[in-house]
Amino acid sequence: MSSVSIKTEGLTKAYDGHTVLDNINLQINPGEFVCLLGPSGCGKSTLLRLIAGLDKPTKGKVFLDDRDITNLPCSKRNFGIVFQSYALFPNLSAYDNVTYGLKNRRMTKRQIEETANKYLEMVGLSGAKKRFPSQLSGGEQQRVALARALTIEPDFLLLDEPLSALDAKVRVKLRHEICSIQRELGITTIMVTHDQEEALTMADKIVVMDKAKLMQSGTPEEIYDHPQSRFVADFIGAINFYENEGETKAIRPEKIVINSLPGADSSEAVLTDIEFRGNFCRLSARSDAISKEHEFYIDLPTQRVRELKLCVGAPAFVNMPEAEVLHFGGASRS
Amino acid sequence: MRKALEKLRNRVITWDTVKLIGIVCLLAIFCIFLVGPLILLFVKAFQDGSGAFCGLAQFRKYLSSANMLSSLGHTIYISLTATLISVSAAFAMAYSLSRRSVPCKKFFQFISRLPMYAPTMLLGMSLIYLFGNKGILTGLGLKIPLYGKVGIIIAESIFCFPVALMILMVAFSSADNRLYEAADVLHATPFRKLITITLPSIKYGLINAVFVCFTYSFTDFGAPSVVGGNYNVLATDIYKQVIGQQNFNMGAVVGIIMMLPTVLSFFVDRFTSKRQTGAISSRSIPYRIVPNKRADIIATCFCVLVTLFMIGFFGVSLFGSLVTFWPYNLKLTLSHYDFSLISASGGVETIFRSIKVSALAAIIGTIIAFMAAYFVEKTQKFKLLRRIIYALAISPNAIPGTVIGLAYIFFFNPKTFPLFGTGYQINNSFYFLYNTVALLVCVNITHYFSVPFITASTALKRLDNEFESVSDSLKVPFYRTLARITLPLSMQAILEIAVYFFMNSMVTVSAVIFLCTSITQLASVVVVNVQGAGNDAAAAAICMVILAINLIVRILYEIINKPISRKTDAWMKR
Ligand SMILES: Nc1ncnc2c1ncn2[C@@H]1O[C@H](COP(=O)(O)OP(=O)(O)O)[C@@H](O)[C@H]1O
Ligand SMILES: [Mg+2]
């Protein structure tokens with residue numbers, strides 16, 4: 001399977017004068033796993049559909065390996081797609097679904113069978129060939145849809161919220177499977193999701209979108225550690241915002257240092273709540289030195305909470321290391 | 001140069017082009033068989049007999065004639081009364097069948113549909129056998145002034161009952177049981193539940209049923225032609241104007257006036273059907289019947305009563321068609337079923353012709369209705385064209401059969417059309433269809449097009465639009481997905497549509513009566529002629545044959561549909 005690069009230039013889409021995608025410039029390298037992340041309704045699916053050729057952009061261009069494919073109909077772009085609803089043909093068995101795209105090619109019956117078996121095996125469904133979609137579980141249906149998309153040996157793979165209809169356990173399992181299949185095939189992949197955890201764990205590169213605009217793109221670490229806007233900081237991971245010296249600042253809850261004794265640079269705070277979350281605890285604290293209006297959160301390993309003997313109402317001393325504080329400009333803005 | 005070549009290669013004929021051709025073909029069909037005739041009908045209404053433009057003169061003449069005005073009043077009166085009766089009865093029946101535990105529901109429903117399977121003239125004839133001068137009940141001392149409004153009202157009430165029942169059954173079935181459970185928890189009385197939950201949830205169905213029944217009785221031709229006597233109504237007026245007095249322009253005027261309530265009903269239906277589908281969410285829980293002995297017994301009794309009435313009502317015509325000479329010689333005979341005795345209009349062959357027309361209407365109509373629905377629902381491009389097709393496809397619902405029949409005469413009968421202002425004539429290239437069986441097929445498809453189209457659209461809407469996207473990505477041409485996926489999954493709707501076209505084409509009179517000539521006579525029209533000539537027994541016999549054919553088709557449908565629906569249900573299970 002060949003890997004391709006995908007590029008969009010000033011991609012814009014409007015429905016009845018209402019802009020749902022605004023000047024999107026995107027660069028995806030060969031073999032990269034990219035997650036489009038954003039709140040629902042921000043235009044992620046629309047972007048995916050434009051790349052697939054299922055819709056035509058109002059403005060802008062799509063490139064595949066530097067070839068302009070903006071006007072290429074979708075059946076002439078070589079890609080696989082998996083939808084949130086899976087869109088499995090209900091009247092065809094799992095096997096027939098998987099071979100659906102192979103039948104109209106010049107392939108012998110043997111070749112078709114081999115290809116289908118290869119991908120069914122890859123998704124771990126060799127035993128369920130004869131079953132109809134209504135007889136498969138959600139996770140199995142998703143695997144069939146993935147196999148079906150892969151059979152035509154696509155240049156790139158598009159996944160539109162493939163995991164959001166599944167329950168938590170299956171979701172985590174499939175995350176790993178999709179990642180390992182993607183790596184095995186080395187296929188350029190774009191996955192839409194509104195689940196930040198999914199994006200952080202799966203992606204080589206995350207593209208954060210909001211209200212039709214591209215907000216930031218980068219590796220998961222970059223996005224998490226250096227969000228360039230308040231929105232991105234807020235949307236990915238938990239974060240505390242506070243105004244200080246006329247500036248909006250933010251810090252992740254796990255980056256705050258807490259102690260039971262005062263130290264250099266630390267300010268006094270009162271713990272108002274301790275929320276047990278298993279391996280760690282989320283503490284709520286209030287400190288007049290940091291913010292008079294807002295409480296802020298601190299994440300601390302449960303072990304450490306016990307060691308420090310922290311409890312609600314007790315005073316504690318917090319320190320926000322300057323290196324970890326994010327700055328978002330003037331307080332009036334944002 | 002190379003760039004241009006590249007561009008060209010990307011623009012090679014795609015399947016979109018094929019779809020576009022299909023859509024344009026459909027538009028052309030609509031223009032010839034719906035838009036063209038209707039335009040001519042409108043033109044005729046503003047012309048006088050010589051073809052000169054006369055503005056509203058014809059309308060003024062109509063409104064100043066006492067006779068004509070009275071028929072408008074009559075029509076409104078009988079329609080209102082018949083609507084009230086049929087909707088009330090259908091409401092009670094729908095309630096009994098959907099909210100009470102009643103045995104043999106399928107059977108009751110089947111029998112209550114009988115009036116749809118026979119020409120409406122049969123309803124009039126049964127009334128004559130019961131209440132006519134020599135009727136059974138008249139003989140027993142139960143005298144009613146049958147000929148005139150009473151007869152028409154009874155006949156129309158029975159005629160409208162099945163369709164009202166169907167609409168209300170759907171409305172009742174859309175209830176959300178969680179609301180009833182919530183009300184029970186709050187100790188609501190049955191009356192309050194009726195007022196606050198049941199009525200609001202079936203409100204739109206009820207409104208829709210009222211308008212549909214009103215339209216049905218407003219435009220029906222069959223029943224008034226049999227039991228109308230001297231009581232004139234619009235549908236028979238048009239016929240008299242056109243066939244009796246050859247006053248085509250006045251016929252067009254009456255046609256347009258007749259369309260006022262049907263157009264209104266059309267918009268009400270648009271409005272209510274949108275509301276109703278919005279009212280049930282996917283999370284609704286179907287109504288669970290709570291047994292209540294007394295109410296259940298009353299409901300069962302009501303259903304039994306309706307069923308007995310229907311069986312008796314149709315039975316009496318069957319009996320009438322089987323006795324030698326009603327009511328003097330009650331010896332059973334099959335002589336009335338010897339249609340070779342029916343002189344001028346031909347006998348057995350009209351029945352075969354009816355079957356042929358209905359079968360063709362079923363096959364061709366189903367293909368066109370499904371195609372139209374497919375292009376409207378499953379194409380992403382050509383938004384404007386799709387909108388136009390949609391509007392054209394649902395508009396026959398707003399046009400009474402008599403009006404369509406008349407419009408067809410205007411469009412297909414003349415050899416040439418005069419061009420306004422100039423002295424030129426243009427040849428009518430569709431004249432060849434006049435006086436053919438093919439035209440009868442066309443008029444039936446057009447007349448009954450909307451319901452099948454909506455049925456097909458609804459079925460297609462239920463299928464994931466992403467099937468098409470996936471097929472595109474797999475580079476499977478659209479027609480393969482249509483054949484392999486869409487059609488098999490829509491099989492139930494397709495069968496239903498075919499049966500609908502067939503049955504209605506078998507019983508319809510209103511549109512075809514203007515187009516049938518001696519060489520293209522249909523059984524249902526023969527019924528009108530034979531009955532008009534006083535041969536009630538033969539007319540009843542033909543009705544019975546039509547009824548029997550429709551029943552057979554219906555039973556065949558049930559047999560074929562059973563495995564299909566079981567399979568489809570298994571596929572579509574989530
Ligand atoms: N076919 C369409 N016509 C009109 N508006 C649309 C259409 N498809 C999507 N939209 C609008 O575009 C916006 C973005 O939609 P979408 O890309 O599906 O968001 P998401 O990020 O949740 O996938 C939404 O406001 C949606 O209502
Ligand atoms: Mg989406």
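**View 1. Ligand 1 and the residues of chain A around it.** A backbone N or O atom of A:Cys42 lies 3.2 Å from an oxygen atom of ligand 1, and a backbone N or O atom of A:Gly43 lies 3.0 Å from an oxygen atom of this ligand. From the side chain of A:Thr46, an N or O atom is 2.5 Å from an oxygen atom of ligand 1. The residues around the ligand, meaning those with a heavy atom within 4 Å of it, are A:Tyr15, A:Val20, A:Ser40, A:Gly41, A:Cys42, A:Gly43, A:Lys44, A:Ser45 and A:Thr46.

The model is predicted, so that local features need pLDDT of at least 70 and side-chain atom pairs count only at pLDDT 80 or more, whereas totals for chains, interfaces and linings use all residues. Residues are numbered from 1 along each chain as its sequence is written, chains are lettered from A and ligands numbered from 1 in the order in which they are written, and side-chain values use heavy atoms, with hydrogens and water left out.

View 2. A:Thr70 is placed in the loop between strand E5 (67-68) and strand E6 (79-82) of chain A; helices (H or I, at least four residues) and strands (E, at least two) are DSSP runs, numbered from the N terminus. With a relative accessibility of 9%, A:Thr70 counts as buried, a term for under 20% relative accessible area, while exposed means over 50% and partly exposed lies in between (1.4 Å probe, protein chains only). The side chains of A:Thr70 and A:Asp68 are joined by a polar contact of 2.5 Å, that is, a pair of N or O atoms within 3.5 Å, of which, within protein, one must be able to donate a hydrogen and the other to accept it, and residues adjacent in sequence count only if both atoms are side-chain atoms. The side chain of A:Thr70 also reaches the backbone nitrogen of A:Val62, at 3.0 Å.

**View 3. Aromatic rings in chain B.** Over all chains, the structure holds 33 aromatic pairs, where rings of Phe, Tyr and Trp (its six-membered ring) pair if their centres lie within 6.5 Å, and planes under 30 degrees apart count as stacked, over 60 as edge-to-face and the rest as tilted. B:Phe107 and B:Phe108 form a tilted pair, with 6.1 Å from centre to centre and 55° between the planes. B:Phe107 counts as partly exposed at 43% relative accessibility, whereas B:Phe108, at 6%, counts as buried. The pair of B:Phe411 and B:Phe430 is stacked, at 5.9 Å centre to centre and 25° between the planes. This pair links distant parts of the chain, 19 residues apart, with B:Phe411 in helix H17 (residues 401-412) and B:Phe430 in the loop between strand E4 (425-427) and helix H18 (437-447) of chain B. One aromatic cluster is formed by B:Phe33, B:Tyr408, B:Phe411, B:Phe412, B:Phe417 and B:Phe430.

View 4. In helix H3 (residues 57-64) of chain B, the buried residues are B:Gln58, B:Phe59 and B:Tyr62. They cover an arc of only 100° around the axis, which puts them on the same side of H3(B); the arc is that of the directions from the helix axis to the C-beta atoms. B:Arg60 and B:Ser64 are exposed on the other side of H3(B). In H18(B), ten of the eleven residues are buried, so this helix is largely enclosed by the rest of the structure.
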